[in-house]
Amino acid sequence: MKTNQLIYRIALTLLDNVGPKSARTLVAYTGSPEAVFRDGFNIRSSIPGFSKERFRKLNTKKALEEALKILEFVQKHDLKTHFYLDDDFPYRLKQCADAPLLLYSKGNMAMNPSKSLAIVGTRNMTSYGEKLIRDTISFLKPFNVQIVSGLAYGVDICAHRFCLEYGVPTVGVLGHGLDRIYPQHHRGTARIISESQGGLLTEFPNGTNPDRENFPKRNRIVAGMTDATVIIESGVKGGSLITANLAFDYDREVFAYPGNIDRPYSQGCNHLIHAEKARLIRGPEDIVNYLNWEIEDKPKAVQTDIFKHLDHDEKKVVGILKEFEKMSLDLLALRLKTPVSILSSLLLNLELKGIISSYPGKKYALSADI
């Protein structure tokens with residue numbers, strides 16, 4: 001990516017009183033982050049909610065100056081950036097209306113794994129909770145699942161450490177910049193995560209402190225970039241319940257382990273189950289059954305001769321479906337940047353050739369015998 005392009009992307013996230021939704025509107029109307037800063041008022045005046053006066057008050061010059069400093073840090077520490085229009089931006093998160101514009105990452109994580117699960121819970125974890133985490137992660141190892149959590153005390157850090165023990169990819173989502181780790185006691189674990197098959201992820205640039213208001217924002221990334229969220233233990237209030245409610249609002253599966261009604265850190269899970277915001281699970285077997293996950297000890301061999309006579313566009317569709325277990329029509333159209341009307345015809349042809357199969361909810365996958 002060109003350096004100038006990244007500067008404007010970073011600067012877009014630094015505009016005062018311009019959140020992700022408004023910023024996406026600006027880019028949609030102007031054509032690019034650079035155009036937001038460079039185009040004249042004749043274009044800006046036609047953007048809903050953005051009068052000339054509002055543009056005049058935007059801190060565009062300061063945002064660009066700050067963006068340059070952030071870019072220097074990104075390049076110095078070899079960080080990766082993921083813009084919401086990029087192919088490597090988490091496609092699950094892209095479905096959320098309040099998704100961040102830009103993410104910073106460190107490590108070797110897959111931004112779009114075939115299976116992704118959030119494991120969260122109380123900071124005051126009990127031995128019961130620790131056993132649930134170990135049982136869950138050890139069971140999930142052959143399913144090729146990426147575990148996401150928040151690197152906090154208690155359930156979060158325990159989940160990350162068991163992932164490292166069992167060789168399960170894990171991602172720590174931070175509520176601050178990548179120039180620090182909070183809490184400091186978890187710096188060693190964070191370093192190992194970033195050096196393994198996982199990584200660290202944040203929407204906050206370097207210099208951002210772990211302020212209280214950042215953690216609900218962090219939680220929406222945890223909930224948004226995963227297929228489902230598992231609550232291990234939780235009190236009646238706390239960050240894990242925020243994550244659970246966000247996942248529920250995003251129409252993702254939420255699972256909760258029940259506990260003794262007298263235990264304070266089972267009350268949150270029991271409440272979610274009672275309110276029908278979470279499915280009661282008795283063990284990790286329930287998770288994979290509900291999500292229809294299958295073991296992936298070895299990748300399936302794809303017979304390339306079957307695809308020999310496919311045209312360019314058909315091969316692009318197959319290439320995307322080879323990465324994911326199933327994908328909806330709308331997500332395929334988004335990934336391929338192809339109108340749904342055209343894509344529907346391609347999918348029908350591939351289905352008639354026996355290359356793909358269709359499923360309820362307008363979802364598609366490679367045929368089982370491919």
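Contact here means heavy atoms within 4.5 Å of each other, and buried means under 20% relative accessible area, with exposed over 50% and partly exposed in between (1.4 Å probe, protein chains only). Helices (H or I, at least four residues) and strands (E, at least two) are DSSP runs, numbered from the N terminus. The model is a predicted one, so local features need pLDDT of at least 70, side-chain atom pairs count only at pLDDT 80 or more, and totals for chains, interfaces and linings use all residues. Residues are numbered from 1 along each chain as its sequence is written, and side-chain values use heavy atoms, with hydrogens and water left out.

Helix H17 covers residues 340–352, 13 residues in total. From first C-alpha to last it reaches 18 Å, close to the 18 Å expected at 1.5 Å a residue; the expected span is 1.5 Å times one less than the number of residues. Its buried residues are a run of leucines: Leu-343, Leu-346, Leu-347 and Leu-350. Looking down the axis of H17, these fall within an arc of 100°, so they line one face of the helix (the arc is taken over the directions from the helix axis to the C-beta atoms). On the face turned away from that buried side sit the exposed residues Ser-341 and Leu-352.

What do the buried residues of H17 pack against? Their partners are helix H15 (312–321), helix H16 (329–336), strand E11 (356–359) and strand E12 (363–366). Just after H17, Gly-354 takes a positive phi of about 80°.

Now for the strands, which count as paired if DSSP finds at least two bridges between them. E10, E12 and E11, in that order, form an open sheet of three strands with antiparallel pairing. The edge strands are E10 and E11, each pairing on one side only. H15 packs on this sheet and touches E10, E11 and E12, its direction making about 90° with that of E12. H17 packs on the sheet too, touching E11 and E12, and its direction makes about 115° with that of E11. For these angles, axes are lines fitted to C-alpha atoms (for helices, over the stretch in contact), and values run from 0 to 180 degrees between N-to-C directions.

Zooming in on the pairing, E10 (residues 327–328) and E12 share two bridges. Met-327 has Tyr-364 of E12 as its bridge partner, while Ser-328 stands opposite Lys-363. E11 and E12 are joined by four bridges, with Ile-356 partnered by Leu-366. Three residues lie between the strands of the E11 and E12 hairpin, where Gly-361 takes a positive phi near 80°.
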